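Subject: Structure handover

Hi there,

Here is the structure I said I would pass on. Have a look at it first, and my notes on what turned up follow below.

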Amino acid sequence: MHALRPLLRKSLFNLFAATLACAALLAPRAADAEALLLIEADSGKVLQAENATIPWYPASVTKIMTAYVTLKAVKDGRLTLDTLLTVSPTAASQSPSKMGFRPGTQVTVDNALKMMMVKSANDMAVVLAEGVGGSVDGFSAVMNDTARKLGMTQTSYVNPNGLPAEGQVTSARDLGILARSFLRDLPEYEYFVHIPAIRFGKRVTGNFNKLIGRYPGADGFKTGFICASGYNLVASATRNGRRLIAVVLGANSGTARAVKAAQLLERGFAQDNLTWLRPSLGTVDNLVPVDATPPNLRDEMCGPNRKRPASDDDDALIAANGGATGSASATGGAAQFTFFTAGLQPPLMKASELMASAPAATEPVQVYTGPTRTGTALIAAVAADADQQAASKPRGKKSRVAKKPDAADKPKEGNKEAGTKTAAVKPDAKQADGKGDGKTAAKPAAAKPAGAKHAAAKPDAAKPAEKPASGDQAAKPAKPKAAKPAAAAKPANNS
């Protein structure tokens, strides 16, 4: 008996270690990691849930509710898709992403919805809110009332576009409920959640939801991003008549959220015949909400360690902290449900490669300003929008080029000779940066024959720095003397 004790202790230790390992697999991840949810659209049955009832900042997935409320108003006859709405100063002042229309511009409900859902245009969300609810506050009250009626107990809205605001909160659970409600209540308007791309004038914008046109069967919904929330995505796909909805909140890039959603969906479709092996998680409505503060991912998403500013249309592959493990982490907590069936299911598709590929070729949906038009009137409206874009482009470019020299010269001189000063300051800035003297000399020489006025203007601009320089000698002194004004150019580099 004594001889068996060491063996018994060892067996008990191994059993305890195995139990701990299983517990680690089954334990939920930290609340500030990310939230994942996979449900059946028809039944609401939960196939996978991880942090699904933790409160979260919704960002632009808010626009699913904005579209739902707007389209319910259309369905109830309170307005039509052809109803003209006007861009207000409040709408025009919204932060990007936006269409950028001036106050007073008119757009139909139909076009505003397309711009909002594909480009995630924050100004169009406000246009719709003001058109349906009279004001942002009035529309937000309708959004909150609708959320309560749908059973979204963890959701609160302050604005229609998801821009950062105190009190704007939701959860993966509630977003799953909302997506199901949209498909159930508004099947005739489902088209708005899976438009691959829009064309405005000559500009084509693809849907920020990377699953559209890439993942087989993808047919909705909406992306979102603010620094505090990370990259969010509500996505749906249908295969063999079975539709699944995936929610990903807090991913670290636009591609990572798409990869995670694709893997969730793929796993759900692949395990269709193995559901009896999986624990029952009930329906999405029955998931128990967690009373907590939403995690704030600002430092992780937009902090100093981020290589470049993050945005909702981030096309980077998995972010630096994802790297090679990004795809692996994209499986989320799936191991907690699928590790025991690993040998029984078909291998998952490489979602990371799929999301990195080009989307299927498709004709962008035309959007435009003004009333609903067809035929030649539509062609004319599209041409007018394109002309407006072309007219505004050169002005934008000129102002960007001229801004730097103007900023440098403003303390010294007025705006009178802006064009001349631009030519004079650019070489100085280049020399100060050490980017070569040859080009510096070439520019004044090339500018000289442009006309007597400009030739005269240059010595004047240079006078404070050097008194000589007249006639043909002006070109030579410009080389060495240009180094002196570098001191004057320095403040421009510092500003």
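Helices (H or I, at least four residues) and strands (E, at least two) are DSSP runs, numbered from the N terminus. Please keep in mind that this is a predicted model, in which local features need pLDDT of at least 70, side-chain atom pairs count only at pLDDT 80 or more, and totals for chains, interfaces and linings use all residues. Residues are numbered from 1 along each chain as its sequence is written, and side-chain values use heavy atoms, with hydrogens and water left out.

The overall picture

The protein chain has 18 helices and 10 strands. Of its 495 residues, 46% are buried (buried means under 20% relative accessible area with a 1.4 Å probe, protein chains only; exposed is over 50%, and partly exposed is in between). Taking contacts (heavy atoms within 4.5 Å) between residues at least 6 apart in sequence, 68% join residues at least 24 apart.

The sheet

Five strands make an open sheet in the order β2-β1-β9-β8-β7, paired antiparallel; two strands count as paired if DSSP finds at least two bridges between them. At the edges are β2 (46-50) and β7 (218-226), each pairing on one side only. From one strand to the next the twist averages 10°.

β7 runs antiparallel to β8 (residues 230-239), with eight bridges joining the two, and a hairpin of three residues connects them. Within this pair, Thr223 has Leu233 as its bridge partner, while Gly220 stands opposite Ser236. Although β7 is an edge strand, nine of its nine residues are buried.

Ala35 stands opposite Leu249 of β9, and Ile39 has Val46 of β2 as its bridge partner. The hairpin of β1 and β2 leaves five residues between the strands, and Gly44 in that turn has a positive phi of about 80°.

In a regular strand the side chains alternate between the two faces of the sheet. Both faces of β1 are covered: Ala35, Leu37 and Ile39 are buried on one side, and Leu36, Leu38 and Glu40 on the other.

Helix α7 (residues 172-185) packs on it and touches β1 (35-40), β7, β8 and β9 (242-251), at about 145° to the direction of β9. Helix α8 (residues 254-270) lies across β1, β2, β7, β8 and β9, also running at about 145° to β9.

The core and its helices

The largest nonpolar core has 94 residues, and Met65 and Met124 have the most contacts inside it. Such a core is a set of buried Ala, Val, Leu, Ile, Met, Phe, Trp, Tyr and Cys residues joined through side-chain atoms within 4.5 Å. Helix α2 (residues 62-75) gives the largest share of this core, eight residues.

Leaving out residues up to four places away in sequence, Met65 touches Met143, Thr146, Ala147, Leu150, Met152, Tyr157 and Leu178. Thr62 also lies in α2 and is buried, with a relative accessible area of 1%. With the sequence neighbours left out in that way, the residues touching Thr62 include Met143, Tyr157, Asn159 and Gln168.

How does α2 pack with helix α5 (residues 122-133)? Their axes are 10 Å apart at an angle of about 35°. The contact is made by Lys63, Thr66, Val69, Thr70 and Ala73 of α2 with Asn122, Ala125, Leu128 and Val132 of α5.

Finally, helix α4 (residues 109-119) is largely enclosed by the rest of the structure, because 11 of its 11 residues are buried. Among them are Asp110, Lys114 and Lys119. Just after α4, Ser120 takes a positive phi of about 60°.

Best wishes

Key
Axes are lines fitted to C-alpha atoms, for helices over the stretch in contact, and angles run from 0 to 180 degrees between N-to-C directions.
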